[in-house]
Amino acid sequence: MKFSFKHFISRVPWIVIGAFLCSVGVNGFFVPHQLLMGGISGIALILLYFLNLPLSITVLVLNIPGIILALTKANLEFALLTVCGIVFNSFFFWLTAGWDIAIQSPMVSAIFGGLIVGIGAGLALWKDGSLGGLDALFLVISKYITIPVGMVMLGVNCVLMIILGILTNIETALLTIIGLFVSSNAIDMIRSGLNKRITVFIISENWETISNKILQGLGKGLTLLKGEGAFTSKEKVLAYCVIRSLELEKLKAIVIAEDKDAFISAIDTREVHGGLGIGRRF
């Protein structure tokens with residue numbers, strides 16, 4: 001895909017927000033109770049707890065391999081967004097150092113810290129970037145398997161938690177696994193929820209007008225399929241298109257305005273590739 005500077009810039013604010021949320025979740029919820037994380041951030045936290053090395057420095061240094069991976073194995077936009085994510089993540093770790101949300105329960109901190117970290121990482125992944133760490137590697141892995149990226153992260157990080165539990169204590173490791181479970185589900189919720197696709201089938205006598213209205217109102221093209229009603233044996237035209245879930249109500253309003261008796265079927269769609277991509281006209 002050709003690099004677009006304008007497209008890149010439009011995604012950077014989401015990377016910044018994601019990095020800030022991640023740092024708040026770690027420094028505000030995890031650090032006060034000496035909870036851990038998976039991957040590079042978990043290693044950085046161990047270095048903080050035992051050697052008092054600042055997160056901002058260790059996260060930046062440990063992410064150098066991730067930067068190299070992104071620059072050599074990924075497309076230019078993802079690589080630059082990942083570099084931005086790593087730099088801003090390190091900066092916000094420095095900015096929020098010492099923040100304490102003043103929650104007494106380690107369990108509550110694990111849950112809500114994991115939620116905030118997951119939302120932050122999810123926003124970065126949603127915009128086709130990452131905050132560094134093992135995210136870039138997991139995102140590459142997810143391209144070759146159908147398991148959601150959050151579940152891949154959870155599985156690998158659980159193995160890391162077993163190792164970390166041996167080095168620290170089992171209670172900390174178990175609380176960390178809870179935080180990881182919450183964060184991984186938050187990541188998948190953000191990535192799939194905000195990007196959720198809907199396949200819509202429309203059958204109407206006014207299919208031509210409806211198709212033009214959808215093209216003008218939503219900027220979505222449709223594929224027209226010829227069919228036949230089993231009961232009436234009359235020829236029908238079935239309009240097919242893929243939209244974002246947030247656009248469904250607007251599409252229904254367009255169709256009903258032209259034909260209140262139109263048949264509309266909406267089906268959840270897991271993935272879309274190629275010419276039927278969101279936002280393309282075909």
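Q: On what basis are the features described?
A: Residues are numbered from 1 along each chain as its sequence is written. In this predicted model, local features need pLDDT of at least 70, side-chain atom pairs count only at pLDDT 80 or more, and totals for chains, interfaces and linings use all residues, while side-chain values use heavy atoms, with hydrogens and water left out.

Q: What is the order of the strands in the open sheet?
A: Strands of a sheet pair through backbone hydrogen bonds, either parallel or antiparallel. Here four strands follow the order β2-β3-β1-β4 with antiparallel pairing. Strands are DSSP runs (E, at least two residues), numbered from the N terminus, and two of them pair if DSSP finds at least two bridges between them.

Q: Which strands stand at the edges?
A: β2 (223–228) and β4 (263–269) each have a single partner strand, so one side of each is left without a neighbour in the sheet. Neighbouring strands are turned by 25 degrees against each other on average, direction ignored; the axes are lines fitted to C-alpha atoms, with angles from 0 to 180 degrees between N-to-C directions.

Q: How many bridges join β1 and β3?
A: Seven bridges link β1 (residues 197–203) to β3 (residues 235–244) in the antiparallel sense. Within this pair, I203 stands opposite L238, and I198 has I243 as its bridge partner.

Q: How many bridges join β2 to β3?
A: These antiparallel strands share six bridges, and L225 has L238 of β3 as its bridge partner. Their hairpin has six residues between the strands, and S233 takes a positive phi near 60 degrees.
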